[in-house]
Amino acid sequence: MAVNETRFGLSKKEITSSTDNLTIILGSEMVFYVKMRNYHWNISGNSFIELHRLIEEQYKKVEFLIDEIAERISKLGGKAIGSMQEFLKNSVLEEAKTTTVGQKEMLEDLWNDHNTMAKKLREFIETIDEETSDLVTVDFLTSVLESHESMGWMLKKYLS
Ligand SMILES: [Fe+2]
């Protein structure tokens, strides 16, 4: 969605590049958040309490990121998407399947999603860095990338 004003010394084209990429990250993080809540409620088996809490810790981190991403879009003069349909349409992640019930399957799914997010974030950071002078978004998305690497590392420890 093209923005119609310039700000902070960035052109409309530069801002649109940043906000378009941020919108995909926003949609994806919302889908990820909902999936984490689902698994927090439905995970069972060994170490139930530990995993129930670990997933809660992660969805709280993702919830914080979601707010920061949406507000970054708004600060740049863009409009943050806010409906379930828009989140799904803009997500690079798939929703949880109702057939995903095993503990290992859930952890693997979250691990894979952290990897998908890291890969996409790396692509977007490179694109924004090449197409714009929006260093704040580049820096911000690098911190989002770091969060996914840290959360992914925690989950991977249960899978190795
Ligand atoms: Fe809870």
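Reply: Accessible areas come from the Shrake-Rupley method with a 1.4 Å probe, and for residues only the protein chains shown count as cover. On that basis, the protein chain exposes about 8900 Å², with 51% of this surface belonging to carbon and sulfur atoms. The model is predicted, so local features need pLDDT of at least 70 and side-chain atom pairs pLDDT 80 or more, whereas totals for chains, interfaces and linings use all residues. Residues are numbered from 1 along each chain as its sequence is written, and side-chain values use heavy atoms, without hydrogens and water.

The contact concerns helix H1 (residues 12-42) and helix H4 (residues 103-131), whose axes come within 11 Å and cross at roughly 170°. H1 is therefore roughly antiparallel to H4 (an angle over 145 degrees). By class, 11 nonpolar, 7 polar and 6 charged residues form the contact of H1 with H4 (charged being Asp, Glu, Lys and Arg; nonpolar being Ala, Val, Leu, Ile, Met, Phe, Trp, Tyr, Cys and Pro; polar the others, Gly among them).

As for the setting, the protein chain has 5 helices and 0 strands (DSSP runs of H or I, at least four residues, and of E, at least two). Its radius of gyration, over C-alpha atoms, is 17 Å, close to the 15 Å of the globule rule for 160 residues, so the chain is as compact as a globular protein of that length (the rule is 2.2 Å times the number of residues to the power 0.38). Along the principal axes, the C-alpha atoms fill a box of roughly 55 × 30 × 20 Å. Of the 160 residues, 44% are buried (under 20% relative accessible area, 1.4 Å probe, protein chains only).

Technical notes: Axes are lines fitted to C-alpha atoms, for helices over the stretch in contact, and angles run from 0 to 180 degrees between N-to-C directions. Angles under 35 degrees count as roughly parallel, over 145 as roughly antiparallel, 65 to 115 as roughly perpendicular and the rest as oblique. Buried means under 20% relative accessible area, exposed over 50%, partly exposed in between (1.4 Å probe, protein chains only).
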